[in-house]
Amino acid sequence: MQPAKHDIIQQLQREVLSLQRHKGISGQQLHTGWGDIDKAFPGHTFPLGAVHEFISTNKENAAATNGFMAGLVGKLMQQSKQVLWISTKRTLFPPALNMFGIAPERIVFIDLCKQKEVLWAIEEALKCNALSVVIGELSELSFTESRRLQLAVEQSRVTGFIHRYNPRTENTVACVTRWKISHLASEMNGMPGVGFPKWNVALLKVRNGRPGTWQIEWSAGGFKQIAPQAFSISEMLQRKAG
Amino acid sequence: MGKRFIAIWFRHLTTDRMVRSQPELKDIPFVLSAPERGRMVIKAANIAAQEKGIQVNMVVADCRAIHPTLQVFDYQPGQAEKLLNALAEWCLRYTPVVATDLPEGLILDISGCAHLWGGERPYLKELLTKLRGYGYDVRAAIADTVGTAWAVSRFGQVSPIVASASQMEVLLPLPPAALRLEQSTLERLDKLGLHQISSFITMPRKALRRRFGQGLLSRLDQALGQEYEVIQPIQPAEPYQERLPSLEPIRTAKGIEIALSQLLEKLCLRLAKEGKGVRKCIFKCYRIDGNVQQIEIGTNQSSRNVRHLFKLFELKIATIAPALGIEVFTIEAPIVEDTSVIQDALWDFTEGGNGTAIAELLDRIAGKLGVGSIHRYLPDEHYWPERSLKVASSLAEMSETCWRTDIPRPIHLLPQPETIDVTVPMPDYPPMLFNYKGVLHHVKKADGPERIEQEWWLQQGLYRDYYCIEDEQGARYWLFRLGSYDSGEPKWFMHGFFA
């Protein structure tokens, strides 16, 4: 009786998801290599064919966010598909993308002056199903604008990443997820030098999923989840007490 | 088929223009004058003034004696030329080859055009009625050669249309001035009592050359059609051009769209036959008030896909101001390139298809936001970070060299390195502290230095020693020191952020 009930619940969950327009792309899955983080997403897979929102508040975190996004894009890029990176005042340095498994020549950069133009370009790009990922960097995104983007991807099944740098308000938008990435000190285990990029990844909102916070490191061409160190917290407490 | 030309003569070009802008001057005698050797000399006079006996090149003071209330305005040099150019552009609706004939005429090559208006007579009538409607006092003539058309338009008394191959009969009774000769030649002919072309056309050529020079003979040959006369069209003919005249003036966006798609279909059909595609395309609308509106598109990849080209134009249709209406549409492709036929057939199914879809998206973006906004980067063989990449010129371009992946590069690179204040324990060591934009960072971990020398064949200057730095917050930076501590205090710069 018990397994049958479990099956029914899963079946119902799938139906609810399909009613909520969460389709995913048939036959395509993103292998993030995150282990149990995938359980935070609906259907236990990273939602493709949707728009994701990333928020960063300072330059250092913006770099961390772009690094994390580049890692995701590298995993997502198929052999034949190109990526559009649309921004104003871009500081991204293409040669660095090699580190995240992206051939920089497969990215087309659109450098614009106004936020309005960026929005138009993102929407047009999201409608083009020959692309795999569209990345847009802008600061303000209203609910209406985000809904237009969401409607565009529902037709074309393109994945969109919107990186909002220093937004005035963190308003509600129609994106499936909201992320905040911040940098963490790299681990060297007593060795000299600077280690692999390590981030504190906060999934603040996810539609039909469970938000959470994790620590992730980019090493050996893939994401690696790191268990948070218990002693570091006690150390902090001790310092505060002292 | 033989050539046919129209010569149009604007008898009072500049004064008619004045009357057009100030209708109250219509029946008042007035002249345009300019200073010449300390006197005001008349450069143009209207009909009313000429009836009073006032002629061009008279002195204004003398004319005031003839007619005390004569109105005098300033003559603007270059105005006639400007007017003629505008009129020539207007005439493009009648024929694609129009040339200006300074100081007061136009020459139209109408070979093969007149039948569209139902023959030469209705064609000429239509042209003259329109021009006279605008208030210009014009005369015109049609002939096989430019010279005869010119002569008949200025001096002809009988019919403005000279039948084919009958230049000789028409020219005989005309004065020598009809041959566009120099003033000195005309004076000499006059002195000898040769007041008609018929009186010297039969003379031996040798004698004519000796007395009047080669100029007279060549003008004679040009008028008779024995020597070819080249005219300089204001708009060189485009090899890839299509025209669409409209029955009634078009004023709506929908109408323009229909015209555009019809023209594009014609053009693309022709391009498909020749295996070519458009890289640049111009759509022109000739308005009934003489203005020309045009929109232009460019493509990243040569294309003859009507739907795609139409979409590119569609973004700009709103910028066309039809005003009272548009009577002729033309489309021309100044830049065309070869396209492979196979790619055309497999439009949407292969990798090439993907490329096409992306190229079309980029065309739309370039059309709306400018071509300069699209970049794609390839590695360049330089160590200097700012020069380590170059912009690719097309979507398909690939590089022979590989990207360098053995050394870390920051994901964000500042367009200009920014100065920072540092505390360094020892020369050639990474800093302990640095102050970037008023915030103090304590360095916890560091890598480096990575020395990058100036490429002396491109630029002179100090080398840079780069350090990867991690501060106590875990943020990672790319700093460099310009030069060494041997020569005083070197400057430190922030150049990028690592992920």
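Modeller: Two strands pair if DSSP finds at least two bridges between them, where strands (E, at least two residues) and helices (H or I, at least four) are DSSP runs numbered from the N terminus. This is a predicted model: local features need pLDDT of at least 70, side-chain atom pairs count only at pLDDT 80 or more, and totals for chains, interfaces and linings use all residues. Residues are numbered from 1 along each chain as written, chains are lettered from A and ligands numbered from 1 in written order, and side-chain values use heavy atoms, without hydrogens or water.

Colleague: Thanks! How many bridges join β2(B) to β3(B)?

Modeller: Six, and the two strands run antiparallel. For instance, V31(B) has A45(B) of β3(B) as its bridge partner.

Colleague: What order do the strands of that sheet take?

Modeller: In chain B it goes β3-β2-β4, an open sheet of three strands with mixed pairing. β3 (39-45) and β4 (71-74) of chain B are at the edges with a single partner strand each, so one side of each has no neighbour in the sheet. From one strand to the next, the twist averages 45° (angles run from 0 to 180 degrees between N-to-C directions of axes fitted to C-alpha atoms, for helices over the stretch in contact).

Colleague: Which helix packs on it?

Modeller: Helix α1 (residues 13-21) of chain B, which touches β2, β3 and β4 of chain B. Its direction makes about 125° with that of β2(B).

Colleague: New topic: is D101(B) buried or exposed?

Modeller: Buried, because its relative accessibility is 16% (buried is under 20%, exposed over 50%, partly exposed in between, with a 1.4 Å probe and protein chains only). D101(B) lies in strand β5 (residues 97-101) of chain B.

Colleague: And what is D101(B) in contact with?

Modeller: Leaving aside neighbours within four places in sequence, D101(B) contacts L84(B), L106(B), I107(B), W150(B) and R154(B) (heavy atoms within 4.5 Å).
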